[in-house]
Amino acid sequence: MLKNILIFVVLLSVIHVSKSSSSDSNNDDVYHTVEGRISLPTRGRPPPMKVTLNQGEQWAMSKFDGTFQFHNVKPGIYVVNVVSTIHHFGEIKIDVRSSGKVRALLFPYAGAKKMPTVYPLHFRVQGNHQYFVARPQLSILSIFRHPMILMMVPMMLMMFCLPKMMENVDPEELKQMQDKMKSNGDDPMDQLPAWLGGRAKDPEDSDDE
């Protein structure tokens, strides 16, 4: 009796293994068609464009109405891209189920958050490719930010303000200051009071008066 039970259990396990292997082989032999469409902002017929599956594992050309199809696609996860030198469409990640149902997620650009999208796939223009950096235009603010201009501004202020300051200086003190500036070996600090409108220090004065 026990021997018969063991034989029955072994037969059941063999049948289960054969069924699972046959189901796996059937799943491997299942193929589906992935389809979509490309839209451009311009009117008229869009030109044929190349669409790749998993970076070139499979590829297809879009028709003049913008539609495209991938045939004989096995169940799995794939990335669909549109190859264009002008427009950026982002990429769509698809999950093809064994039942034929397709789940799609849109990535507008690198680093962007994933967004659920419709199926059949619909590619829209997310932006245009920029191959050259625009040359900065000349502006008044850029001129004043130049280091040479920043150095010239204080000098120009001195040129305009210094004559105004000299008008308030007494003529005799101004003449005395000019004479001392012409002489050599004098301490420049002695001229400071004269520049400030005060009385210049006489070198003949002594502290032991």
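Colleague: What joins the side chains of His 122 and Arg 37?

Modeller: This is a predicted model. In it, a polar contact of 3.5 Å joins the side chains of His 122 and Arg 37. The cut-off is within 3.5 Å, so the pair counts. His 122 also has a polar contact of 2.9 Å with the side chain of Arg 124.

Colleague: Why is His 122 called buried?

Modeller: Its relative accessibility is 13%. Buried means under 20%, so His 122 counts as buried. His 122 lies in strand β10, residues 121-123. Leaving aside neighbours within four places in sequence, His 122 is in contact with Arg 37, Ser 39 and Ile 92.

Colleague: Why does Ile 77 count as exposed?

Modeller: Ile 77 has 54% relative accessibility, and exposed means over 50%, so the label applies. Ile 77 is found in strand β5, residues 76-83. Not counting residues up to four places away in sequence, Ile 77 touches Asn 54, Lys 93, Ile 94 and Asp 95. From Ile 77 to Lys 93 the C-alpha distance is 7.2 Å, with the two 16 residues apart in sequence.

Colleague: What makes Asp 95 and Arg 97 a salt bridge?

Modeller: Their closest N and O atoms are 3.1 Å apart. The rule asks for within 4 Å, so the pair qualifies. By this rule the count comes to one salt bridge.

Colleague: And why is Arg 97 called partly exposed?

Modeller: Arg 97 has a relative accessible area of 40%. Buried is under 20% and exposed is over 50%, so Arg 97 falls in between.

How values were computed:
Residues numbered from 1 in each chain as written. Predicted model: local features only at pLDDT ≥ 70, side-chain atom pairs only at ≥ 80, totals over all residues. Heavy atoms only, no water. Helix = DSSP H or I, 4+ residues; strand = E, 2+ residues; numbered from the N terminus. Buried < 20%, exposed > 50% of the residue type's maximum accessible area, 1.4 Å probe, protein only. Polar contact = N/O pair within 3.5 Å; in protein donor to acceptor, adjacent residues only side chain to side chain. Contact = heavy atoms within 4.5 Å. Salt bridge = Lys/Arg side-chain N within 4 Å of Asp/Glu carboxyl O.
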